[in-house]
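Please look over the fold shown here before reading my comments.

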Amino acid sequence: MDDLLKIKCPYCGAVLSVKSQAGIESKNVTCPICKQKSRFSDFKVIFEKQNEEATQYPDSETDNSYNNRSEKNSQYYQEINFTLGQLKVISSGRSFQLRIGKNIIGRQAQQSKADIQIPTEGSKRMSREHLIIELKKVQGKGIVHYASLYKQNVNETFVNNVPLEYGDCIVLNHGDVINLPDIKVKFEIPDEEGTEI
């Protein structure tokens, strides 16, 4: 059975299913809803669970689509981002640095196992372990940031106003806003060469 990827149109937000195949990253996709044509890389990829325990991630050992590049694609390697992202609480401006591997995000509590504990001013709507942001090195892509829910029974959570459901695994992009219960955080990839103001 062929692997299917769910992708989200950057124009209308429609979720589409496409067959995963070698070289798909360099192809163009036309959204059947809004009829806009874009590069596959412009679509947000939503990875689905393969079984009850594991979520499918692209892996440098199995993702061979980047292994056979021509010289004209060598510039692509110069644009690969190896910067680690951070979460910025919109209301307070407080930032939390992410690290390679799994980062568990939850509300601040004594019994929390979360790596990043966000103060919620007494509200308990956010779980102590609510969200996972995993950072993985992916060959040809640099550091990729994946967001998924920690467990099935948590209060509503959204990424850019789209509900995040248990089992979803969304690739985060700079500027994405994650609506946790009572708190909004912005995902940022700092520009190391940018000018400080």
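1. Basis. This is a predicted model: local features need pLDDT of at least 70, side-chain atom pairs count only at pLDDT 80 or more, and totals for chains, interfaces and linings use all residues. Residues are numbered from 1 along each chain as its sequence is written, and side-chain values use heavy atoms, with hydrogens and water left out.

2. Overall make-up. Of the 197 residues, 41% are buried. Buried means under 20% relative accessible area, exposed over 50%, and partly exposed in between, with a 1.4 Å probe and protein chains only.

3. Surface and contacts. Among contacts with a separation of 6 or more, 48% link residues 24 or more positions apart. A contact means heavy atoms within 4.5 Å.

4. Six strands line up in the order 7-6-16-15-12-13, with antiparallel pairing. Two strands pair if DSSP finds at least two bridges between them. Strand 7 and strand 13 (162-163) are at the edges; each has a single partner strand, so one side of each lacks a neighbour in the sheet.

5. Strand 6 and its partners. Strand 6 (residues 86-89) pairs with strand 7 (residues 95-97) through three antiparallel bridges. To strand 16 (residues 183-188), strand 6 is joined by four bridges, also antiparallel. L87 has F96 as its bridge partner in strand 7, and it stands opposite F187 in strand 16. V89 faces V185 in strand 16.

6. Two hairpins. Five residues lie between strand 6 and strand 7, and G93 in that hairpin takes a positive phi near 80 degrees. Strand 15 (residues 177-180) joins strand 16 by four antiparallel bridges. L180 stands opposite I183 there. This hairpin has two residues between its strands, and D182 takes a positive phi near 75 degrees.

7. Cores. Which residues have the most contacts inside the largest nonpolar core? They are I118, I133 and I178, in a core of 26 residues. Strand 6, strand 9 (116-118), strand 10 (131-138), strand 11 (142-149), strand 15 and strand 16 each supply at least two residues of this core. A second, separate core has twelve residues, including L16, I24, F40 and V45. A nonpolar core is a set of buried Ala, Val, Leu, Ile, Met, Phe, Trp, Tyr and Cys residues joined through side-chain atoms within 4.5 Å.

8. I178. Beyond residues up to four places away in sequence, I178 touches several others, among them L87, I133, F158, I183 and V185.

9. N103. Is N103 buried or exposed? N103 is buried, with a relative accessible area of 2%. It sits in strand 8 (residues 101-107). A polar atom of its side chain lies 2.8 Å from the backbone oxygen of R99. Leaving out residues up to four places away in sequence, N103 touches L98, D115, L131, I132, I133 and L135.

Key: Polar contact = N/O pair within 3.5 Å; in protein donor to acceptor, adjacent residues only side chain to side chain.
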